[in-house]
Structure formats: C-alpha cells, structure tokens
There are 2 protein chains.
Amino acid sequence: MNKFEGEMKYMAQVVEQELSRYLPRKDEFPSKLHEAMHYSTLSGGKRLRPIIVMKAAELFGISYEKVIPTACGIEMIHTYSLIHDDLPVMDNDDFRRGKPTCHKIYGDAVALLAGDALLTHAFATIAKNSKISGINPDAVVDVIEKVSLAAGGYGMIGGQTVDIITSGKDVSRDTLFYISTHKTGCLMSVSFWSGARLAGASKEDLETIKCFGEKLGLIFQIVDDILDIKGSEAVLGKPVGSDMKNKKNTFVNLFGFNKSVEIVNNLSLEAKQLISNYNNNDFFIQLTDFISKRDY
Amino acid sequence: MNKFEGEMKYMAQVVEQELSRYLPRKDEFPSKLHEAMHYSTLSGGKRLRPIIVMKAAELFGISYEKVIPTACGIEMIHTYSLIHDDLPVMDNDDFRRGKPTCHKIYGDAVALLAGDALLTHAFATIAKNSKISGINPDAVVDVIEKVSLAAGGYGMIGGQTVDIITSGKDVSRDTLFYISTHKTGCLMSVSFWSGARLAGASKEDLETIKCFGEKLGLIFQIVDDILDIKGSEAVLGKPVGSDMKNKKNTFVNLFGFNKSVEIVNNLSLEAKQLISNYNNNDFFIQLTDFISKRDY
C-alpha cells in the first residue's frame with residue numbers, strides 16, 4: 001500500500017466512524033428503519049465523496065475535521081441514491097458492494113423509506129456544520145443549496161430519470177453525456193465545491209475545483225461502464241454485465257472499449273492540468289489516477 | 001365565505017403561484033420529471049402547511065412574504081410524501097385530491113424520482129430564504145435542521161414506517177399515537193416553528209407554537225381517520241374507506257367514532273388555551289376550528 005492508498009484507507013475509516021455517529025442510532029424507534037439506514041450506509045465502499053469534501057477543505061487551508069458533517073451528509077445522499085436505484089421499480093439489482101441490496105433484506109417499502117430518510121437526514125447533518133467554529137453560516141446555507149441542486153432534478157435525479165426512461169432505446173451522444181455527467185458527476189463535483197466553500201475559497205477557485213470535479217465524475221462513470229464489461233465482480237461489487245442486462249446506454253456500448261479508454265485518458269490529463277498550479281495538490285493528482293485506473 | 005375562509009383561499013393562491021415559481025420549470029430537461037413534480041405539487045389542496053409558516057411569521061411580527069421560500073419548501077416535502085405514500089409498494093392508491101396519483105400518470109419509476117426530486121429541491125428552496133433581507137442565516141440553518149428532523153426518521157418517515165409495518169396487525173394505543181403524531185404532526189408542527197423562528201421568536205414562544213402545532217397535527221390526523229369512515233369522497237379527494245381497505249390502524253378503529261370526536265374536541269380546547277395570550281391570534285383560533293370541524 002502506497003501513501004495515497006494508506007491515506008484513502010485511513011480517511012475511509014474516519015468517514016465510517018463519523019457516519020455511524022451522525023446517523024440515528026440503530027436501536028432508536030422505529031429500529032427497522034434505522035437498521036436499514038445503517039445497513040446500506042455502513043457497508044464499506046470507498047467513501048470517495050466524503051473524502052473529497054475533506055481533502056478539498058484541506059486544499060484551501062482548513063482542517064478536514066471541520067467539514068465532517070457535510071462530508072457525511074453527502075455520503076448519505078449517495079447511499080440513498082443507491083438504495084432507490086436498486087429497487088425493483090428501478091434497476092432491480094439484488095447485490096451492491098457484494099452484499100444483498102437493502103430491499104432484499106428489509107423489503108421494498110422499508111428500503112424506499114430508508115432511502116427517503118437518508119436523503120432527509122443528510123440536510124440536518126450538513127446543517128450541523130454551522131455549529132463548528134470558524135465556519136460561516138452563510139457558507140453552510142450556500143452548501144445546502146448547491147448540494148440540493150446537484151442531487152435533484154437539475155443534477156443526479158435528472159441523470160437517473162433520463163437513464164431510466166431511455167433504457168433499451170438508442171440515445172444520442174449528447175444524451176449519454178447528459179446521463180453520465182448528471183448521474184455521477186454532479187454529486188462528485190459538488191463534493192469538491194462544498195469542501196472548498198466551507199474553507200472560504202475564492203469564487204475563481206470554486207469554479208476551478210468544480211470543473212475539476214466534473215471531469216473526475218465523468219471519468220468515474222466511464223470507468224464504471226468499462227468495468228461493467230471488462231471488470232470482475234469482486235472489483236465491481238455487483239454482477240458484471242448488469243448494464244447490458246438492463247440495456248443501459250453506456251460509453252462502451254456507444255463508443256467501444258478503446259475509444260472509451262482514450263476519453264478517460266484525455267479527461268485525466270485535462271483534470272490534472274486544471275489543478276496544476278495549486279500547492280499540495282498531490283492527493284488530487286493521485287486521486288485522478290486512482291479513479292482513471294481502477295482495475296480493468 | 002367568511003373572512004377566515006377568504007384569507008385561506010387568498011393565501012392558497014399565493015402559495016400556488018409561488019410554488020410554480022420555485023419549482024424547476026416544466027419544460028426544462030428532463031421535462032417528464034419536472035412535469036411529474038408540477039402535476040403533484042400544483043394539484044390544489046388546502047396548502048395548510050405553507051399557510052401556517054406564513055401566518056406564524058406574521059404572528060411574530062414579520063411579513064408573510066419574507067418566509068415564502070420556506071413555506072414552499074415545506075409544501076414540496078409534503079407533496080413528495082404523498083407521492084411516495086401512494087406508490088404500489090406503499091398504500092397503492094390510484095386517486096389523490098380527486099385526480100389520478102402521480103404513478104398512475106407517469107409510471108412508478110418516474111413517480112419515485114419525482115418524489116425524490118421534490119424532497120431534494122425543498123432544501124434548496126428553503127436555503128433561498130437566507131437571501132431575503134432581515135432574515136438571519138443562522139435562523140435559516142436552524143429551520144433546515146429542524147425541518148429535516150421533522151420530516152425524517154425521527155419524524156414523518158418514522159410515522160410512515162410504523163404505519164406500513166403495522167398494517168393489518170393490532171397495535172397498542174401508544175403505537176397509534178406514535179403513528180399519528182409523527183406521520184402528520186411533525187411536519188405540521190415544524191411549519192409553525194419555522195415561521196416563528198425566521199421571524200425571530202423567543203425560545204419560549206418557539207416552544208409554545210411547537211406544542212400548538214403538535215396538537216393541531218394530531219387533530220388533523222384523527223379527523224382524517226374519522227373522514228375515512230364518515231366523510232364523502234368529494235371532501236376527502238380519495239376513496240372513502242381506503243384505510244379500511246389497507247387495514248390501517250386508525251383512531252376510529254381503536255377508540256370508536258364518539259370517543260375520537262371527544263379527543264378532537266379536547267385537543268382543540270387545549271390548543272386554543274396555549275395561544276390565548278397572543279395578540280392577533282384570531283387566525284389560529286379559527287384555524288383550530290377549521291381543522292377540527294372539517295365536514296363529518
């Protein structure tokens with residue numbers, strides 16, 4: 001394990017601990033709901049988005065500990081989106097991160113409600129960031145607004161909607177870009193933005209870090225599409241070929257494998273270029289490589 | 001139409017107009033999602049919760065116009081909860097407010113996503129309340145936290161969860177109270193609290209108005225149970241007896257009709273007592289009667 005991998009692992013542990021602190025306790029009534037929230041949220045995962053929030057805050061000069069509530073809130077939103085995405089009415093997936101999906105354990109109704117509860121609780125959690133010394137409440141309100149827009153109909157849910165309603169149909173490249181940039185990119189990008197905003201970054205820096213996040217989000221989605229064809233179930237944590245099964249429009253289906261890899265490589269160079277002038281950008285350079293070169 | 005009814009009608013029109021301004025436009029991509037959000041949000045209704053936010057702000061000395069974003073955000077949360085509640089996986093209702101439910105028009109997947117998007121967009125909308133002059137950003141953060149807690153697993157979703165998992169089973173009176181106070185009461189109560197908080201009410205006043213809201217929320221739920229048995233479909237906007245069909249535990253099932261009416265009357269007296277010392281409490285006294293004496 002190199003330094004970057006060690007840091008990712010350490011930060012993921014921090015996130016795991018803090019998430020279990022910010023979630024309602026499992027034994028609180030109604031415990032079935034809270035158990036379902038814990039089951040899906042505390043099921044491992046790379047914790048990319050919260051780590052991004054924390055490292056973006058560091059890049060602009062404040063301790064990662066000061067943005068933990070926002071980091072946890074964004075991870076709750078990510079988790080809810082996976083729970084709802086896996087429901088029979090959506091992708092109907094039985095496994096996620098190598099474990100049965102939430103509705104396979106708790107039933108469809110409780111899984112739906114656990115997703116709703118995580119999405120809702122995310123905003124109370126982010127709001128708690130205003131209680132931390134040195135964090136401006138105006139910045140917290142801005143983060144709540146931006147996270148909400150990135151996760152909603154203009155962002156992640158917009159992407160999910162188009163993904164669902166175009167399943168099994170041929171789509172244009174524009175539509176594929178829309179799906180990929182919105183389904184994954186928006187929440188990843190706003191993770192960078194939120195950490196930077198809470199740290200008091202300038203408007204110009206916020207714009208740069210947002211663009212960097214958009215590129216990383218798109219890389220992540222394309223690599224996901226590649227892994228769905230070429231990857232192993234162990235790496236992916238869900239059955240290989242599930243996009244094929246659901247007749248999803250993916251980069252690999254539309255551009256082919258080689259062209260998809262080329263797009264990833266170009267985006268990776270562009271992303272690194274964007275942040276080349278920042279001091280202490282090592283983590284983000286390595287993160288770009290990490291996201292671009294997952295096992296395929 | 002008396003003065004109170006006229007004011008309710010006028011305020012409902014204001015809410016309707018403002019909601020259509022704060023929602024994403026129907027023609028924005030992906031339009032199917034945004035149409036579904038409009039369809040369910042702009043389908044009439046009494047607009048009780050947003051009106052409560054606005055009138056609570058007035059009670060504590062600021063213009064209702066200053067809390068419109070929060071009022072609209074809370075109505076979006078209420079609407080999402082109805083969309084998800086009506087889904088086949090939950091209550092499986094085909095009609096709501098006399099119109100086909102969201103999933104009957106847009107399909108289950110888009111209805112699920114439209115609900116998610118409304119819940120998400122609610123928080124961006126409430127966050128916009130910080131841009132209004134004279135409103136303290138700390139108050140907006142507090143409102144976001146309280147609304148999130150009232151709508152989440154500790155509040156409304158907690159109530160919905162217990163309602164769903166106890167359907168068709170006998171429950172204790174404690175459980176019935178839990179369901180009724182949480183499913184309806186929490187969001188109604190936080191509507192009072194939010195208007196008052198944004199208006200700068202004292203801690204003591206916030207506690208009083210919260211208790212008042214809890215009582216009105218419970219009255220509302222018990223009257224709903226009574227209407228499900230005794231009401232007409234025209235008043236209810238959904239088929240009479242749908243709680244019976246779903247074997248829901250209701251006050252009428254557990255206490256009988258006469259005792260349920262008695263509980264409503266007692267709660268109504270207690271509520272009026274709570275706010276008897278406030279100036280300009282006319283609207284809230286009449287609101288208590290209005291909620292207590294819907295047509296049954």
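Here is a short walk through the interface of chain A and chain B, and then one helix pair inside chain A. The model is predicted, so local features need pLDDT of at least 70 and side-chain atom pairs count only at pLDDT 80 or more, while totals for chains, interfaces and linings use all residues. Residues are numbered from 1 along each chain as its sequence is written, chains are lettered from A in the order in which they are written, and side-chain values use heavy atoms, with hydrogens and water left out.

Let's start where the chains meet. The contact (heavy atoms within 4.5 Å) takes 50 residues from chain A and 50 residues from chain B. Together they bury about 4100 Å², 75% of it on carbon and sulfur atoms; buried area is the accessible area (1.4 Å probe) lost on being put together, summed over both parts. In chain A, the residues that lose the most area to chain B are A:Leu113, A:Thr120 and A:Tyr154, together 14% of what that side buries.

The rule for salt bridges (a side-chain nitrogen of Lys or Arg within 4 Å of a carboxyl oxygen of Asp or Glu) finds 6 across the interface. One of the salt bridges joins the side chains of A:Asp142 and B:Lys131 (3.6 Å, N to O).

Now look within chain A. Helix α1 (residues 3-22) packs against α4(A) at an angle of about 85°, with their axes 10 Å apart; helices are DSSP runs (H or I, at least four residues), numbered from the N terminus. Axes are lines fitted to C-alpha atoms over the stretch in contact, and angles run from 0 to 180 degrees between N-to-C directions. α1(A) is therefore roughly perpendicular to α4(A) (65 to 115 degrees). Among the residues in this contact are A:Val14 and A:Leu19 of α1(A) and A:Ile68 and A:Met76 of α4(A).

Key. Buried area is the accessible area (1.4 Å probe) that two parts lose on being put together, summed over both. Helices (H or I, at least four residues) and strands (E, at least two) are DSSP runs, numbered from the N terminus. Angles under 35 degrees count as roughly parallel, over 145 as roughly antiparallel, 65 to 115 as roughly perpendicular and the rest as oblique.
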